[in-house]
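This briefing goes through one chain by topic. The points are grouped so that each can be checked against the coordinates.

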Amino acid sequence: MATNREESSRKLLLQSHSEKHFTAGEIVRDVIIGVSDGLTVPFALAAGLSGANVPSSIILTAGLAEVAAGAISMGLGGYLAAKSEADHYVRELKREEDEIINVPDTEAAEIGEILAEYGIEPHEYAPVVNALRKRPQAWLDFMMKFELGLDKPQPRRALQSAFTIALAYIVGGIVPLLPYMFISVAQKAVMVSVLVTVVALLFFGFVKGRFTGSRPFRSAFESALIGAIASGAAFGIAKLVQSRPN
């Protein structure tokens, strides 16, 4: 009876306490990678071509081609990275499973070693070790999580990562190219592109800072600074090459 009352009390406490933790870290990471590169690379390309006095139509064509190629490349990179993580998890899972079967005493000692790192005494963690030895799947999950620091990847993680990064890259890449769609003179379009992209970088950096827990204003400044350096370098190089005598 006492055990049932304690269990009911625990459930009531958990139901009454709502924790607001942000748990979509992998998706946010993919969005950050895609948008940050999407805003910066086409922006630098367009600025560089503007510095070479290329018409807006050519800049727009080259920019859209870069966005398409960049989205495919970034998406493929995200897919391969996530697929590699999943393959690594499967290999380590099989290795850990074999160790639990073949050297159970050693693996049980490792549980105690892990718990001891948290200041738990042997007489306190001994019941936990014994309980896990009776539950092979829980034992395996514990070792993967606390010994190797590996979380089980989602089944569709690779495809999700590829799609998220590619879409984010396209969204970010279109922003600096928008002025070239409406302004035929590249020298005028680049000024508007700079203004629009800097505002977008500031906004993106601020939002990124809020989601990642860093200082939003500092994050906004860093994002804008990186974009400005990249576009400024591309513009300067284009001007330098153009000024060279034939």
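Thr 197 sits in helix 9, which covers residues 186-212. In this predicted model, Thr 197 is buried, with a relative accessible area of 0%. Leaving aside residues up to four places away in sequence, Thr 197 touches Leu 39, Phe 43, Val 175 and Pro 176.

**Overall make-up**

- The chain has ten helices and zero strands.
- Along the sequence, the pattern reads α-α-α-α-α-α-α-α-α-α.
- The chain has 246 residues, of which 33% are buried.
- Of the contacts between residues at least 6 apart in sequence, 73% join residues at least 24 apart.

**Helix 3 against helix 4**

- Two packed helices are described by the angle between their axes and the distance between the axes.
- For helix 3 (residues 56-102) and helix 4 (residues 104-116), the angle is about 110° and the axes are 5 Å apart.
- Helix 3 and helix 4 are therefore roughly perpendicular to each other, because angles of 65 to 115 degrees count as such.
- On the side of helix 3, the contact is made by Glu 96, Glu 99, Ile 100, Ile 101 and Asn 102.
- On the side of helix 4, Pro 104, Glu 107 and Glu 110 take part.
- By residue class, the contact of helix 3 with helix 4 divides into three nonpolar, one polar and four charged residues.

**Aromatic pairs**

- The count of aromatic pairs comes to two.
- A pair of aromatic rings is described by the distance of the centres and the angle of the planes.
- Phe 142 and Phe 146 form a tilted pair, at 4.8 Å centre to centre and with 35° between the planes.
- Phe 142 and Phe 146 are separated by about one helical turn, because they are four residues apart in helix 6 (residues 136-147).
- Phe 142 counts as buried at 12% relative accessibility, while Phe 146 is partly exposed, with a relative accessible area of 42%.
- The ring centres of Phe 206 and Phe 217 are 5.2 Å apart and the planes lie at 70°, so this pair is edge-to-face.
- Phe 206 belongs to helix 9 and Phe 217 to helix 10 (residues 216-243), and the pair links distant parts of the chain, eleven residues apart.
- Phe 206 counts as partly exposed at 27% relative accessibility, and Phe 217 counts as exposed at 68%.

**Salt bridges**

- The structure holds eight salt bridges.
- Asp 30 and Arg 29 meet through their side chains in one of them, with an N to O distance of 3.8 Å.
- Asp 30 is buried, with a relative accessible area of 1%, whereas Arg 29 is partly exposed, with a relative accessible area of 39%.
- Arg 95 and Glu 92 also form a salt bridge, at 2.4 Å from N to O.
- Arg 95 and Glu 92 are three residues apart in helix 3, so about one helical turn separates them.
- Arg 95 counts as partly exposed at 42% relative accessibility, and Glu 92 counts as buried at 16%.
- Asp 151 and Lys 145 form a salt bridge in which the closest N and O atoms are 2.7 Å apart.
- Lys 145 is partly exposed, with a relative accessible area of 40%.

**Leu 240 in helix 10**

- Leu 240 is located in helix 10.
- Leu 240 is exposed, because its relative accessible area is 57% and the class begins over 50%.
- Leu 240 and Gly 51 are 189 residues apart along the chain, and their C-alpha atoms are separated by 9.0 Å.

Key:
Residues numbered from 1 in each chain as written. Predicted model: local features only at pLDDT ≥ 70, side-chain atom pairs only at ≥ 80, totals over all residues. Heavy atoms only, no water. Helix = DSSP H or I, 4+ residues; strand = E, 2+ residues; numbered from the N terminus. Buried < 20%, exposed > 50% of the residue type's maximum accessible area, 1.4 Å probe, protein only. Contact = heavy atoms within 4.5 Å. Axes fitted to C-alpha atoms, helices over the stretch in contact; angles between N-to-C directions. Parallel < 35°, antiparallel > 145°, perpendicular 65-115°, else oblique. Nonpolar A, V, L, I, M, F, W, Y, C, P; charged D, E, K, R; others polar. Phe/Tyr/Trp six-rings, centres within 6.5 Å; stacked < 30°, edge-to-face > 60°. Salt bridge = Lys/Arg side-chain N within 4 Å of Asp/Glu carboxyl O.
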